[in-house]
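Reader: I have a structure to go through, and I would like to know what lies behind the words used for it. Could you take me through it term by term?

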Amino acid sequence: MNQSSINNVEEHAKTDNNEKEKKDEPLLPHPRKWDIEWRNLILFIIFHIGAVRGVYLLFTAAKWQTCLFTLLLYIATSIGITVGVHRLWSHKTFQARLPLRLILLFFSTMAFQFSVVAWSRLHRMHHKYLDTDADPYNARRGFIYSHFGWMLIKKHPEYKLRIVDMSDLLQDPLLRFQNNHYWEVLFIAFFLIPTYIPTLWGEQASTAFYTCVCLRYICALHAIWLINSAAHMWGTKPYDKNMTPVETRIVALLAAGEGFHNYHHAFPWDYRIAEFGGYSLNIGKLFIDIMAKIGWAYNLKSVPDELIEKRVKRTGDGTHPIWGWDDPDLPLEDRNMSIVK
Ligand SMILES: [Zn+2]
Ligand SMILES: [Zn+2]
């Protein structure tokens, strides 16, 4: 081997080592150039102004039926995103028959959070590359970034380098249709229907637009965004203390049960999304259980108590609730040190 090929081999080995070191580097947030997503920023401003007008009209001009309809649309779109796009399509925590898939697809289109395929890709990346630069709503970059800032700037280069399998969703003709004709179906489901229906009870179309479209959209959007921001910041970590997601009841209440986020990141295949909370704090679970009763939802996956207990003991932060003295979760050490007289 001549000197130049030896040099080449050495160069190669060096590059390989550098590559390897690069791969092993933890993906901590790095400073980055802010490249504005103008379309999202403009829509963001327009709908927020519309929502403020919606609040005014809700109290001064809207009929009671319109107020009720706004609330119902808020719940329907929350179900569309949390039960449909999140639990059914992103995580495959259960399976659904055609009528239920059609309802969830309609509700989620009404929610205007982009197509199921686009949403699920972001969300699968969030779980797979949690708390790194490839996590699209990386909570380590702070509240504003994880809440909505991530949507207003172009994706981090690290996100573009990583891939996540989406072939299962792309095989579904319904989802492909929604993805390929997104702006047409959005116009009908998000704008036309919610603006037209209130005119049937004599509401002004403009009032319906500001309340049933702008206001309910912005409220539902912020509730869902809180899962990426607040539910990664302020709360307990009974299942895994090594990641940002936390348990927060207020977010659960606002977003169909999705505030039990430490549990969800520990067990993303569980359709219940939580160990506790009951139906009142988890209407998403209530909805799926009802659908299962009528046979539209099936193959519901959940995690057995023993597995939860093992995880709590292995990686929890010690805040897992204990109901009292004979709770098997009460650590032996605490039990032995307690005073019994
Ligand atoms: Zn999360
Ligand atoms: Zn998830």
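Predicted model: local features only at pLDDT ≥ 70, side-chain atom pairs only at ≥ 80, totals over all residues.

Reader: What makes up the protein in terms of helices and strands?
Author: There are 16 helices and two strands. Helices here are DSSP runs of H or I with at least four residues, and strands are E runs of at least two, numbered from the N terminus.

Reader: Why are α4 and α10 called roughly perpendicular?
Author: Helix α4 (residues 98-110) and helix α10 (residues 182-196) have axes that cross at roughly 85 degrees and come within 7 Å. Axes are lines fitted to C-alpha atoms, for helices over the stretch in contact, and angles run from 0 to 180 degrees between N-to-C directions. Angles under 35 degrees count as roughly parallel, over 145 as roughly antiparallel, 65 to 115 as roughly perpendicular and the rest as oblique. The pair α4 and α10 is therefore roughly perpendicular.

Reader: Which residues make that contact?
Author: From α4 come Phe 106, Thr 109 and Met 110, and from α10 Val 185, Leu 186, Ala 189 and Phe 190. Being in contact requires C-beta atoms, placed from the backbone, within 7 Å. Six of these residues are nonpolar, one is polar and none is charged. For these classes, Ala, Val, Leu, Ile, Met, Phe, Trp, Tyr, Cys and Pro are nonpolar, Asp, Glu, Lys and Arg charged, and the others, Gly among them, polar.

Reader: How does α3 pass α11, and how does it pass α4?
Author: Helix α3 (residues 64-90) and α11 cross at roughly 40 degrees, their axes coming within 9 Å, and the crossing is right-handed. By class, that contact has 11 nonpolar, six polar and one charged residues. With α4, the angle is about 115 degrees and the axes are 7 Å apart; this crossing is left-handed. The handedness is left if the near helix is turned anticlockwise from the far one by less than a right angle, and right if clockwise. The contact of α3 with α4 has 10 nonpolar, four polar and no charged residues.

Reader: What makes Val 55 and Arg 140 partly exposed?
Author: A residue is buried if 20 or more other C-beta atoms, placed from the backbone, lie within 10 Å of its own, exposed if 12 or fewer, and partly exposed in between. Val 55, in helix α2 (residues 38-60), has 15 such neighbours, so it counts as partly exposed. Arg 140 sits in the loop between α5 (116-128) and α6 (143-152); its 16 neighbours are why Arg 140 counts as partly exposed too.

Reader: And how much of the protein counts as buried?
Author: Of its 341 residues, 38% do.

Reader: Which residues touch the most other members of the largest nonpolar core?
Author: In this core of 66 residues, they are Ile 224, Leu 226, Val 251 and Ala 255. Helix α11 (residues 205-228) gives the largest share, 16 residues. A nonpolar core is a set of buried Ala, Val, Leu, Ile, Met, Phe, Trp, Tyr and Cys residues joined through C-beta atoms within 7 Å.

How values were computed
Residues numbered from 1 in each chain as written. Chains lettered and ligands numbered in written order. Contact = placed C-beta atoms within 7 Å.
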